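Please examine the structure shown below.

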Amino acid sequence: ARSRGARRQAAAEKLAGVLPPEPAETRGGSGLGAHAGAGDDSPDGFQSLSVLVGTWNMGGRPCPAIELHEWLRPDEFDIYAVGTQECEAAPGLSTATQRPKWLAKMKATLGPEYALIDAHCMGTTHIACFARESLMPYVHDVHAAHVITGLGQRIANKAGVAVCFDV
């Protein structure tokens with residue numbers, strides 16, 4: 001039997017194998033490059049982009065009735081990558097009823113200036129990525145993947161989800 005650490009490492013390697021690598025030569029095709037944090041144009045011709053990455057373990061509760069403005073801070077970032085765990089049920093018991101509500105709530109919070117790049121889920125683990133509408137013509141090579149890491153790597157009570165893209 002493999003140790004828990006060895007199982008996690010194997011799962012991470014499996015996820016890395018599913019997602020395509022990001023070769024440096026493909027980043028520059030659009031004249032934009034994603035860098036964490038806002039700033040002026042860099043000397044190499046890339047425009048800096050700001051990114052909010054957040055995650056929320058909802059503990060089996062449904063999509064909250066609270067406002068998300070304070071957490072997401074609309075219009076402060078160019079790209080949003082938001083993950084949730086246990087959005088509508090205990091781990092591995094997804095009913096998938098809350099996912100559309102959660103996506104709609106994030107979209108409504110961010111407003112019409114943002115578009116969904118992609119969303120992906122495995123069980124009750126979700127991820128959604130949004131970008132400013134003005135950036136969408138530069139978003140390409142969008143991929144989504146998941147890895148089940150639960151019991152016997154067959155039960156989705158534990159999982160990793162990912163969305164990757166080039167800008």
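The side chain of D78 reaches the backbone nitrogen of S50 at 2.8 Å, a polar contact (a pair of N or O atoms within 3.5 Å; within protein, one must be able to donate a hydrogen and the other to accept it, and residues adjacent in sequence count only if both atoms are side-chain atoms). This is a predicted model, in which local features need pLDDT of at least 70 and side-chain atom pairs count only at pLDDT 80 or more, while totals for chains, interfaces and linings use all residues. Residues are numbered from 1 along each chain as its sequence is written, and side-chain values use heavy atoms, with hydrogens and water left out.

- D78 is located in the loop between α3 (69-72) and β2 (79-85); helices (H or I, at least four residues) and strands (E, at least two) are DSSP runs, numbered from the N terminus.
- With a relative accessible area of 14%, D78 is buried, because buried means under 20% relative accessible area, whereas exposed means over 50% and partly exposed lies in between (1.4 Å probe, protein chains only).
- The side chains of D78 and R132 are also joined by a polar contact, of 2.8 Å.
- Not counting residues up to four places away in sequence, D78 touches S48, L49, S50, Y114, F130, A131, R132 and L135, where contact means heavy atoms within 4.5 Å.

**The loop between α3 and β2**

- R73 lies in this loop between α3 and β2 and has a positive phi, near 50°, although R73 is a residue other than glycine.
- Most residues other than glycine have a negative phi.
- R73 is partly exposed, at 35% relative accessibility.
- D75 is found in the loop between α3 and β2 as well, and this residue, which is not a glycine, has a positive phi of about 70°.
- D75 counts as partly exposed, with 45% relative accessibility.

**Strand β4 and its partners**

- Strand β4 (residues 125-132) is largely enclosed by the rest of the structure, because seven of its eight residues are buried.
- β2 and β4 run antiparallel and are joined by seven bridges; two strands pair if DSSP finds at least two bridges between them.
- A128 in β4 is the bridge partner of V82.
- Strand β3 (residues 114-122) runs antiparallel to β4, with eight bridges joining the two.
- Y114 has R132 as its bridge partner in β4, and D78 touches both Y114 and R132.
- β3 and β4 form a hairpin with two residues between them, and G123 in the turn has a positive phi of about 60°.
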